[in-house]
Amino acid sequence: MASATVSSIPLTLSALFLLFTSTALAQTAPAPAPPGPLNFTGILDKNGQYTYFLRLLAESQVGSQIQNQLNSTTEGFTVLAPTDNAFNNLKAGTINSLDEQKKVQLVLFHVLPKYYSLNDLQFVSNPVRTQATGQDGGVYGLNFTGQNNQVNVSTGVVETQINNALTQQKPLAIYQVDKVLLPAEFFEAKSPAEAPSPATKKSSSGSNSNSTASTADEPDSADNSGSSGRNMGLGLVVGLALACMGALS
């Protein structure tokens, strides 16, 4: 009986030692590192099928603006990213026919100034404003419909399905779309007030004959200053658009 008691002592000490060691290791183990900052364009680049969209994001400076605001936004962003195939399926010359301002508007039209999960998009109130809303007085809204976790998005002239979530980590959600979302505002006819009157056309026609000789040898100052003006204007348009969206959120 005594020998049984004595032999159990080493087992008890061993158990205590193991318990103490595991507790000490648990207390000294480093805490997992917090997740790094979201890299908006890096997520798109990693997926390898958003070359055209990435180029437009860079040229319009929208990509860098969103990246900067991800660190401070309380509402977040939702980006609908068209694939390279979506751009390839556009009518030839569609993008090249747009001026610089409309290219910025096109990119901003694919960005919602709030984080939405796929489930959220099934129940939003339409139209949902985009970052392009308010430019040129246009609505630039998107309409979402959904059922059984399947969500469709419509611009009024283009409708497509949201197929894949590249990321749903607040404050950023990026969803794949297989069509470029062309705003209905790009296709709306100008109002009669914006069209030149017949008198204006006649006056313009008469003045053209008188000014042909004087203007034939003069350089086009708009062409000479267009490049720098577009670059400066581009940054201002994007900055103002994103700042306004943040204020309205």
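What share of the contacts in the chain with a separation of 6 or more comes from residues 24 or more positions apart? My notes follow.

1. The share is 68%. Keep in mind that this is a predicted model.

2. Secondary structure first. The chain holds nine helices and seven strands. Of its 249 residues, 33% are buried.

3. Now the interior. In soluble globular proteins, nonpolar side chains tend to be buried together. Here, the largest nonpolar core comprises 51 residues. L44 and F144 have the most contacts inside this core. Strand β7, spanning residues 172-177, gives the most to the core: five residues.

4. Leaving aside residues up to four places away in sequence, F144 touches L80, L112, L121, V124, N126, V128, V151, N152, V153 and I162. Two asparagines, N126 and N152, are on that list. So are the leucines L80, L112 and L121.

5. K170 is a residue to check by eye. It sits in the loop between β6 (159-169) and β7. Is K170 buried or exposed? The relative accessible area of K170 is 58%, so K170 counts as exposed, the cut-off being over 50%.

6. K170 and E75 are 95 residues apart in sequence. In space, their C-alpha to C-alpha distance is 9.0 Å.

Terms used: Residues are numbered from 1 along each chain as its sequence is written. This is a predicted model: local features need pLDDT of at least 70, side-chain atom pairs count only at pLDDT 80 or more; totals for chains, interfaces and linings use all residues. Side-chain values use heavy atoms; hydrogens and water are left out. A nonpolar core is a set of buried Ala, Val, Leu, Ile, Met, Phe, Trp, Tyr and Cys residues joined through side-chain atoms within 4.5 Å. Buried means under 20% relative accessible area, exposed over 50%, partly exposed in between (1.4 Å probe, protein chains only). Helices (H or I, at least four residues) and strands (E, at least two) are DSSP runs, numbered from the N terminus. Contact means heavy atoms within 4.5 Å.
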